[in-house]
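The report below describes selected features of one protein model, taken element by element. Please read it alongside the sequence and the coordinates.

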Amino acid sequence: MLIGKINYKKTNLDKNNKYLKDFLNIYDLRPIKNNIGGMNIIHLYNLYCVIRKIKPTMVVESGAYKGLSSWFILKASPKAKVYCFDTNLNQLEFKSKRIKYFERDIKNFNFYNLPKKSLLVLDDHQNQIERLKQSILFGFNYIFFDDDSDDENHDFYTIKHQMKKKKFNHVLSISAIIKNFIIFFKLMLKKVFNQFISYTNLEYRLRDYNYFPSNILLINKYVKKIYSLKINNKFFKKNYPNIYFNKKRNGTNQTLIILK
Ligand SMILES: C[S@@+](CC[C@H](N)C(=O)[O-])C[C@H]1O[C@@H](n2cnc3c(N)ncnc32)[C@H](O)[C@@H]1O
């Protein structure tokens, strides 16, 4: 698919299965066996291949959850500096002394002087276009986005929504709508008394996003390549059929972006 000057194409980073054996050996040793709500074997394999291929000097992960993807980041890049962010670090089941942890959103972090070959791994379910803008501002060289669905019922806006010129109407449950009303009401009450408010919480809960052609300009200006990461279908279909066929709302692939 050609958007503006950007070639958005599917690619298999491990066509000749160069990394597959290493990955499977490591996968058997993973410290967390139940990672429901986090990356499955296919996502982890793509992450592992990206890191082995790029050999980043620094990896920043946003959305650490239990710490399983962080563990694979360490295994794939024994020498890289690793920083992990999550808005709730209490969920961590695996921790490492090699990792610096931060309980906050990356958008409020002061990244400066990033080394060459810095990779940002994003699995925090935030709007991917907003994350792309932040990554450009911070000066990352590579971005790995988990979850590439362009489904209407997905959890957040993705690069794929953008590439297919789709807007995203976040579907809310009745309980979420009631909760949002309460949050909104409390914020407005504060405003009545002229108090400072932060609507980050509300913004996080209301994730609708339109298709803006200006984002294509942004991509054309700052993005070198966008890859939709594929895997060895035959192998995963045969050996991990449940995961392979369980596309759910998250899509099956991940996205790798190389910035200019
Ligand atoms: C899908 S899980 C991450 C799974 C993890 N990468 C793994 O597979 O091992 C998403 C995580 O993002 C975190 N999160 C939500 N909003 C965030 C934000 N704004 N910044 C950083 N993390 C956030 C959640 O607390 C949750 O732990």
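## Strand S3 and its neighbours

Strands S3 (residues 58-62) and S4 (residues 81-85) pair in the parallel sense over 5 bridges, where pairing requires that DSSP finds at least two bridges between two strands, and where helices (H or I, at least four residues) and strands (E, at least two) are DSSP runs numbered from the N terminus. Between these strands the chain passes through helix H3 (residues 68-76), and this β-α-β crossover is right-handed, a term meaning that, with the strands pointing away from the viewer, the path from the first strand over the helix to the second runs clockwise.

Because 4 of its 5 residues are buried, S3 is largely enclosed by the rest of the structure; a residue counts as buried if 20 or more other C-beta atoms lie within 10 Å of its own, as exposed if 12 or fewer do, and as partly exposed in between, with C-beta atoms placed from the backbone.

## Basis of the model

This is a predicted model, in which local features need pLDDT of at least 70 and side-chain atom pairs count only at pLDDT 80 or more, whereas totals for chains, interfaces and linings use all residues. Residues are numbered from 1 along each chain as its sequence is written.

The domain assignment, which is automatic or from a database, gives domain 1 (2-170 + 212-259) and domain 2 (171-206). The C-alpha centres of domain 1 and domain 2 lie 30 Å apart.

Helix H6 (residues 174-192) has 19 residues and reaches 27 Å from its first C-alpha to its last, close to the expected 27 Å, the expected span being 1.5 Å times one less than the number of residues. The number of buried residues among the 19 of H6 is 0, so this helix lies largely in the open. Asparagine 194, which follows H6, has a positive phi, near 60°.

## Asparagine 220

Asparagine 220 lies in helix H8 (residues 213-222) and is partly exposed, with 13 other C-beta atoms within 10 Å. Asparagine 220 and lysine 260 are 40 residues apart in sequence, and their C-alpha atoms are 9.7 Å apart in space.
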